Amino acid sequence: MDGNGERAQVVVLGGGITGLLAGWHLRQQGYNPTVWEASAAPGGWAQTLPWPGPAGEPGSLERGPQGLLVSRGGAMDRLLRALAIELRPSRPKGPRWLGKAGRRHPGLASLPGVLRAPGLGLGEKLRMLAEPFIPAGSRPEETLHAFFARRLGEGFARELLPALVAGVLAALPERLGLEAAPRLKRLEAHGGLVLGALRTGLERTRQPVGGTGALAQALAERLGGVSTGRAAMALEPLPGGQWRVHGNGPHVEAGAVVLALPAPAAAGLLRPFAPGVAAELAAIPHLDLRVWHSRHPMVQGWERGLGLLVHPPEGRGLLGAVSFAADDPRGVSDLLQLRAYVGGAYPVDPALAAWPGVFRELHRWLPELGEALQVREEACPGAFPMLEPGHGARVARVLQGLPPGLHWLGAARFGPGIPHLAEGVEVWAGALPRVGLT
Ligand SMILES: Cc1cc2nc3c(=O)[nH]c(=O)nc-3n(C[C@H](O)[C@H](O)[C@H](O)COP(=O)(O)OP(=O)(O)OC[C@H]3O[C@@H](n4cnc5c(N)ncnc54)[C@H](O)[C@@H]3O)c2cc1C
């Protein structure tokens with residue numbers, strides 16, 4: 001090694017949840033990882049940011065996830081227990097309304113909501129209730145639309161699914177593969193949506209006390225710190241299977257490098273010496289999202305939170321609006337804290353590029369909503385990988401083509417949510433004692 005560099009056993013590039021999880025598991029196995037994070041703080045999208053109220057009251061907002069889906073005994077559950085993270089229920093439990101055909105309809109989280117679902121005939125509603133009797137069996141390269149049409153019927157897939165998928169994954173169900181929702185595959189393997197949920201355990205949305213950012217903080221603390229402000233700019237293969245990472249500071253040499261980066265960033269580093277793998281990663285579309293945070297006078301009846309998903313194409317551009325409950329420590333008491341999503345796989349209507357347009361649209365669906373007292377926009381460029389049909393085969397090609405000593409982890413490999421990352425990184429780390437780090 002030349003005199004200008006550092007030496008590490010293993011370098012993790014990216015200090016989002018994926019990189020923090022990778023570092024934490026490596027630590028548990030006796031490795032001494034160094035984690036590089038380009039920005040000033042660890043956590044990536046999973047950060048709880050301070051946002052004082054109008055009179056300077058303490059308050060915060062979530063940059064990304066507001067709640068985590070936790071199933072008892074699953075990887076997320078194990079992780080939260082191992083980190084001794086205190087949880088509170090997250091409200092609302094599901095979207096309370098569906099915006100469709102110019103009207104607000106009850107959400108689909110309850111049986112009455114399903115039975116009153118808009119746009120569906122009686123036969124289509126009965127077809128939905130027949131789901132437990134549909135034989136299980138996965139289909140290769142099935143889209144989310146095809147999956148739900150098979151299990152719940154064409155009516156559900158046509159009339160209700162687009163709003164649910166737009167609000168959660170920011171894309172059309174016809175463009176997404178089952179890899180975008182890995183739990184569906186597991187449920188199918190256990191008999192279907194209803195039987196699978198009964199057999200594998202129901203999932204509940206939970207919120208770490210202190211916000212989702214508390215998870216990133218706890219991981220970073222257990223790791224003994226993250227090198228923030230260190231962006232990886234180039235990777236260089238060295239003789240003897242070693243790697244040199246160049247960044248905005250001293251370079252570092254290590255026997256193994258973990259790429260815990262969004263796929264486009266990983267592609268940029270791999271391009272000079274693994275162009276095939278880089279091209280595969282660069283071909284994964286990533287969606288830009290804008291999130292408008294706002295605070296409004298409380299509306300009677302909404303104290304415990306509200307949820308609204310707007311059906312595309314009517315809600316094209318306005319994907320959903322979810323509020324913090326009045327008793328949520330992240331909010332400011334007596335104010336309704338709301339966020340609205342704009343963008344994803346949908347072209348942004350120019351009318352929604354500024355707050356007055358977003359408010360007008362929200363007000364159309366939620367006429368009770370008063371003028372905002374505070375507004376803040378958070379841009380989320382490349383927020384979600386869009387996992388299309390055939391994505392699983394692409395992941396397999398990437399893993400096969402990666403040079404020895406390099407590891408690739410992240411949402412584009414394991415699925416778009418934090419529970420998918422918790423599970424995927426756990427499985428990756430579990431295989432290390434067998435295969436080692438190279
Ligand atoms: C608005 C929004 C809402 C969401 N809601 C939910 C939800 O409700 N539930 C859920 O489970 N998930 C949700 N997600 C998804 C979840 O936040 C992500 O899956 C997860 O945070 C991704 O973590 P990551 O570490 O893989 O990537 P990121 O969070 O993107 O972290 C990657 C890190 O790498 C760093 N980096 C980039 N380039 C370099 C470089 N060259 N060198 C060093 N570091 C670099 C970045 O600065 C970043 O910190 C949401 C996401 C968004 C944006």
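This is a short walk through the structure, with a residue or two to select at each stop.

The model is predicted, so local features need pLDDT of at least 70 and side-chain atom pairs count only at pLDDT 80 or more, while totals for chains, interfaces and linings use all residues. Residues are numbered from 1 along each chain as its sequence is written, and side-chain values use heavy atoms, leaving out hydrogens and water.

**Stop 1**

Start by selecting Arg-88 and Asp-327. Their side chains form a salt bridge, with N to O at 3.8 Å (that is, a side-chain nitrogen of Lys or Arg within 4 Å of a carboxyl oxygen of Asp or Glu). Arg-88 sits in strand β7 (residues 87-89) and Asp-327 in the loop between β18 (318-324) and β19 (335-343), so this pair ties together parts 239 residues apart in sequence. Helices (H or I, at least four residues) and strands (E, at least two) are DSSP runs, numbered from the N terminus.

Arg-88 is buried at 15% relative accessibility, whereas Asp-327 is partly exposed at 46%. The cut-offs here are under 20% relative accessible area for buried, over 50% for exposed and in between for partly exposed, with a 1.4 Å probe and protein chains only.

Across the whole structure, a search finds 25 salt bridges.

**Stop 2**

Jump to Glu-188 and Arg-150, whose side chains meet in a salt bridge at 2.8 Å, N to O. Glu-188 belongs to helix α8 (residues 182-189) and Arg-150 to helix α5 (residues 144-152), so the pair ties together parts 38 residues apart in sequence. Both Glu-188 and Arg-150 are buried.

Next, pick Phe-148 and Phe-156. Their ring centres are 5.6 Å apart and their planes are at 35°, so the pair is tilted. For Phe, Tyr and Trp (its six-membered ring), rings pair if their centres lie within 6.5 Å; planes under 30 degrees apart count as stacked, over 60 as edge-to-face and the rest as tilted. Phe-148 is buried at 12% relative accessible area, and Phe-156 is buried at 7%. The whole structure has six aromatic pairs.

**Stop 2: arginines over tryptophans**

Select Arg-104 with Trp-97: the arginine lies over the face of the ring, 3.9 Å from its centre. Then try Arg-295 with Trp-51, where the distance to the ring centre is 4.0 Å. To count, NZ of Lys or CZ of Arg must be within 6 Å of the ring centre and within 35 degrees of the ring normal.

**Stop 4**

Finish with the backbone. Pro-312 and Pro-313 are joined by a cis peptide bond, with omega about 5°, and Pro-313 is in the loop between β17 (307-310) and β18.

Ala-101 is not a glycine, yet has a positive phi of about 50°. Find Ala-101 in the loop between β8 (97-100) and β9 (103-106), exposed at 64% relative accessible area. Asp-334, also not a glycine, has a positive phi of about 75°. Asp-334 is in the loop between β18 and β19 and is exposed at 60%.
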